[in-house]
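Subject: Structure handover

Hi,

Here is the structure I promised to pass on to you. Please open it alongside this email, and my notes on what was found follow just below.

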Amino acid sequence: MDILMRYGFSIEEIKNMMDSNDELENANDQDILELINILIGIGCHEEHIMNIFNCNPFVLNKNIDDIKDLINKLKELNLKHLYIVFDSNPHLLNMSSNDIEKIYNEKTEEGLSSEEIVDYFYHNIIL
Amino acid sequence: MLDIGFTEKDIRQIVTRSSHNLYNFKNLYQYLSKSGINNDDFINIVKTVPNILSTSIENIKNRIILIQQLGFNKIDSFNIIKAYPYVLELNEEAINNKITKFKDFGFADNDIINLISSNPTLLSIEENEISQSFDYFKKLNYSNTEIINIFNKEPSLIINDLDKIKERINKFKVLGFTQEEIVKITSLLPNIFLDESNLLATKFNYLFEFGFDEENIISIIKKIPIILKPNYLDSLENKLNKLLELGFSKENIIDITNTDPYILLYSTDNLTNKVFGIKGLGYSIEDTINMISDFPLLFGYDITNIEKKIKFYKSINLDNYILENSKILIYNLDYIKSRWNFLKDSNCKDKLDLFITDKDFYKQYNVRSLDLIKE
């Protein structure tokens with residue numbers, strides 16, 4: 001949890017995260033740092049990271065390789081400025097690349113074009 | 001021996017089963033008690049493997065060093081001896097064989113150490129018993145990786161009663177979960193297979209009595225399976241009651257939770273602080289409840305994030321529109337500001353074009369709004 005405090009989260013915010021995610025105490029500081037760096041790499045600033053972690057503390061226990069796969073899948077679908085997508089929909093980070101593939105296939109079956117599916121990710125709550 | 005707690009019957013059995021040579025009893029007792037083995041455990045060890053009474057202390061120490069060399073720490077080594085005293089009779093090859101069989105199933109070295117440390121009786125398990133457990137889960141469409149994850153999280157499941165596991169899976173099926181959904185949930189929370197109190201039914205029934213319908217409850221559990229963990233039971237009731245106390249109607253609560261089930265995982269303090277945080281930005285409690293009811297993700301967003309967005313919309317005279325359609329608070333500020341800067345310069349007549357889809361924005365203005373965002 002040191003890394004979260006050093007990043008600027010208050011004790012109250014960390015407590016709220018731990019109340020929601022009882023596995024947070026098992027999260028590794030190195031992994032959290034790597035996650036922060038990945039999010040910075042896709043354009044997140046501090047305010048976005050604060051928002052994402054406060055809204056979705058479960059991402060702090062997620063496997064880093066799974067997050068990288070998720071990001072690659074979203075890029076494959078032509079989503080740009082992914083920090084915008086995650087800032088709007090922090091829980092999207094809990095999904096796997098397979099989940100995204102499933103959403104894409106479902107929307108395609110509903111008749112949406114690729115462009116409309118990309119739009120869907122920016123304009124809707126996705127859980 | 002009687003002073004330590006052996007009964008006369010114990011002593012007769014030990015003498016019969018051992019080579020009648022108890023010369024090492026006192027030294028063995030002293031060595032193991034100094035290492036943390038209490039009288040009851042010592043009695044169990046000697047009753048299980050009475051021949052160690054004729055084994056030299058040096059040999060026993062070497063056996064313990066061998067176990068430690070395999071990767072177990074000192075405490076775990078003695079726990080292994082307590083739980084599975086037969087290990088004191090095994091040679092190096094035999095102990096290695098017992099560990100190798102786990103590797104054959106795909107367990108990593110560290111996982112094996114953790115598995116056996118947390119469940120030393122696994123050393124007694126035969127290979128066909130592990131196969132049986134693996135095959136059982138494979139027939140239920142669990143992948144090898146999922147099976148290994150399940151056993152790593154709950155090692156006792158390797159030797160658990162397969163009928164009980166089947167019974168737990170059936171409980172999910174009766175409620176309407178598909179096999180695929182059951183695999184996903186139980187891979188994440190294999191402790192469900194050990195749950196004697198039937199938390200699944202308890203939570204399901206609680207939500208049902210509150211007013212959620214079956215389909216929605218299944219959807220909630222699918223999205224946030226960790227709600228099935230025991231520590232989320234009391235808090236589930238507290239949260240729903242807190243939302244009622246804050247002014248949300250039952251219908252509101254059901255709607256917002258169906259939209260965003262993660263609300264059930266936020267603490268009551270967090271829920272309360274968010275409501276009053278948004279109210280503190282200049283809204284009545286009624287407006288706040290309406291805003292959250294229309295856009296439940298507001299419960300999750302950082303209050304600073306919400307505040308900046310509201311401030312921006314107020315600066316462009318869209319504050320009333322927030323009350324009509326609080327979902328506009330979903331948009332990242334960079335996204336909205338870049339659109340606004342473009343629309344200002346384009347003499348746009350309708351500010352609500354800020355919120356149209358990118359496809360419609362392109363149709364209207366021949367520009368891709370995502371291209372307006374500076375890297």
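Let me begin with Pro85(B), which sits in the loop between helix H5 (74–83) and helix H6 (92–104) of chain B. Before going further, please keep in mind that this is a predicted model.

Is Pro85(B) buried or exposed? Pro85(B) counts as buried because it has 20 C-beta neighbours inside 10 Å, and the cut-off for that class is 20 or more. If we set aside the neighbours within four places in sequence, the residues in contact with Pro85(B) are Asn44(B), Ile45(B), Thr48(B) and Val49(B).

Next, the contact between the chains. Chain B puts 27 residues into it and chain A puts in 24 residues. On the chain B side, helix H16 (268–279), helix H18 (303–315), helix H20 (333–345) and helix H21 (358–365) each supply at least two residues. Sorted by class, that side of chain B has 10 nonpolar, nine polar and eight charged residues.

Now for chain A. Its secondary structure consists of eight helices and zero strands, so read from the N terminus the order of elements is α-α-α-α-α-α-α-α. Along the principal axes, the C-alpha atoms of chain A fill a box of roughly 45 × 25 × 25 Å. Of the 127 residues in chain A, 35% are buried. Among contacts in chain A with a separation of 6 or more, 77% are between residues 24 or more positions apart.

Last, the nonpolar cores. In soluble globular proteins, nonpolar side chains tend to be buried together. Which residues have the most contacts inside the largest nonpolar core? They are Ile52(A) and Leu298(B), and this core has 74 residues. Beyond four places in sequence, Ile52(A) is in contact with Leu39(A), Val59(A), Phe86(A), Asp87(A), Pro90(A) and Leu93(A). Another core lies apart from the largest one and has 31 residues, including Ile67(B), Ile81(B), Leu122(B) and Phe172(B).

Best wishes

Notes:
Residues are numbered from 1 along each chain as its sequence is written. Chains are lettered from A and ligands numbered from 1 in the order in which they are written. This is a predicted model: local features need pLDDT of at least 70, side-chain atom pairs count only at pLDDT 80 or more; totals for chains, interfaces and linings use all residues. Helices (H or I, at least four residues) and strands (E, at least two) are DSSP runs, numbered from the N terminus. A residue is buried if 20 or more other C-beta atoms lie within 10 Å of its own, exposed if 12 or fewer, and partly exposed in between; C-beta atoms are placed from the backbone. Two residues are in contact if their C-beta atoms, placed from the backbone, lie within 7 Å. Ala, Val, Leu, Ile, Met, Phe, Trp, Tyr, Cys and Pro count as nonpolar, Asp, Glu, Lys and Arg as charged, and the others, Gly among them, as polar. A nonpolar core is a set of buried Ala, Val, Leu, Ile, Met, Phe, Trp, Tyr and Cys residues joined through C-beta atoms within 7 Å.
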